[in-house]
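Subject: Structure handover and notes

Dear colleague,

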Amino acid sequence: MSSTELPPVPPANVLPKVTAVRVADGEHLRSVRLPGITLAVRSRRPVRQGLPPALYVHGLGGSSQNWSALMPLLDDVVDSEAVDLPGFGDSPPPDDGNYSVTGHARAVIRYLDASGRGPVHLFGNSLGGAVVTRVAAARPDLVRTLTLVSPALPEIRVQRSAVPTGLLALPGVVSLFTRLTREWTAEQRVRGVTALCYGDPGRVTPEGFRNAVEEMERRLQLPYFWDAMARSARGIVNAYTLGGQHGLWRQAGRVLAPTLLVYGGRDQLVGYRMAQRAARAFRDSRLLTLPDAGHVAMMEYPETVATAFRELLAYAGESTADDRTGGIVDDEPAQQTTGG
């Protein structure tokens, strides 16, 4: 992105004050300052002390709020934290402006090293899926299990509906898009995002829609919002082109942790056809396919994803005595297989 495409972003300590980020009942949001980055971390109090830690990483344009439906369903088996990647949610931009997949992975590793919480049960959606795949390959000591929801792993034939998101990576596109959509309301933008990310947008509750509009209004006030989106989109495109040991598929094959893969049949951003390739690439994998889900299954069918994760814990020998598992919850017909 050229230096003239977007106005320079002011340092984090002089950014304008905007509406506070929403924190759901039972959640706590704190800011963690680390060398070169400041991360917002959303957490929940587990039902008891001593549960193994979990960390959740959102996708492009998302935030830690994307995990608010899933986290309370796992309060009795893990101690949950969700991070806002640099430049997203309530986290300011990274000091070095690095929004690559590797840059985001370094931020996650830096937080885990500093917090001493590792090894963790690591979750990632979309961009976050690519990020945590890189983390798990580079630092297996930090990862107990890996759960990937529609991970952004390279596709040779990208779906036509995913092309506009990829175009954000091109110089000049963000500037053009912001001019063309200047009159769009936050509500119109949220409806567009929901239609793109959900298999059935009707599953979004009125309260959930209002909260999303409020969050969109907040983000649009941030001077770095579009810059973070564009640079992170470019980071995904660049990661797709890497070959050799740095290629994401090669790194997937190096992941040692038991892995749960979740794919939606109505996903417009990550091809459903990639599910079987992913199951073969990760050496110790379990595959959950949700024919009616879109790109954010943990928001659309959180009970089903939670049950599949509990089954992953049992498979990995980490389930607890009062684990409330009992088979796939029937809020979405699912198909689950093992692979790898």
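What follows is an account of what was found, beginning with the whole chain and then moving to particular elements and side chains.

Please keep in mind throughout that this is a predicted model. The protein chain contains eleven helices and nine strands, and of its 340 residues 53% count as buried. Among the contacts between residues at least 6 apart in sequence, 76% join residues that are at least 24 apart. The chain exposes about 14,600 Å², and carbon and sulfur atoms supply 53% of that area.

**Salt bridges**

As you will know, side chains of opposite charge can pair when their charged atoms come close. A search of the whole structure finds 16 salt bridges, and a few of them are described here.

One of them joins the side chains of D75 and R44, with a distance of 3.0 Å from N to O. D75 lies in the loop between β3 (53-57) and β4 (79-83), whereas R44 belongs to strand β2 (residues 37-44), so this pair ties together parts of the chain that are 31 residues apart in sequence. Both partners are on the buried side of the 20% cut-off: D75 has a relative accessible area of 10%, and R44 has 15%.

Two further pairs each sit within a single helix. In helix α6 (residues 206-220), R218 and E215 are three residues apart, about one turn of the helix, and their side chains meet in a salt bridge at 2.9 Å, N to O. R218 is buried, with a relative accessible area of 2%, and E215 is buried as well, at 8%. In helix α7 (residues 225-241), R231 and D227 are four residues apart and thus separated by about one helical turn, and the salt bridge between their side chains has an N to O distance of 2.7 Å. Here the two partners fall into separate classes, since R231 is partly exposed at 33% relative accessible area, while D227 is buried at 11%.

Beyond these pairs, R30, D79, E81 and R117 are linked in a network of salt bridges.

A20, which is found in the segment before β1 (27-34), is exposed, with a relative accessible area of 61%. A20 and E214 are 194 residues apart in sequence, yet their C-alpha atoms are 10.0 Å apart in space.

Which side chains point to each side of β8? S285, L287 and T289 point one way, R286, L288 and L290 point the other way, and all of them are buried. With six of the six residues of strand β8 (residues 285-290) buried, the strand is largely enclosed by the rest of the structure. Strand β7 (residues 259-264) pairs with β8 in the parallel sense over six bridges, and the partner of V262 in β8 is L288. Together with helix α9 (residues 274-281), β7 and β8 make a right-handed β-α-β unit.

**Helix α11**

Helix α11 (residues 302-315) has 14 residues and reaches 20 Å from its first C-alpha to its last, close to the 20 Å expected at 1.5 Å a residue. Eleven of the 14 residues of α11 are buried, so the helix is largely enclosed by the rest of the structure. Among these buried residues are P302, F309 and L313, and the charged residues R310 and E311 are also included. Just after α11, G317 takes a positive phi of about 75 degrees.

With best regards

Note on methods. Residues numbered from 1 in each chain as written. Predicted model: local features only at pLDDT ≥ 70, side-chain atom pairs only at ≥ 80, totals over all residues. Heavy atoms only, no water. Helix = DSSP H or I, 4+ residues; strand = E, 2+ residues; numbered from the N terminus. Buried < 20%, exposed > 50% of the residue type's maximum accessible area, 1.4 Å probe, protein only. Contact = heavy atoms within 4.5 Å. Areas by Shrake-Rupley, 256 points an atom, 1.4 Å probe, with all protein chains shown as cover. Salt bridge = Lys/Arg side-chain N within 4 Å of Asp/Glu carboxyl O. Pairing = 2+ DSSP bridges. Right-handed = clockwise from strand over helix to strand, strands pointing away. Expected span 1.5 Å × (residues − 1).
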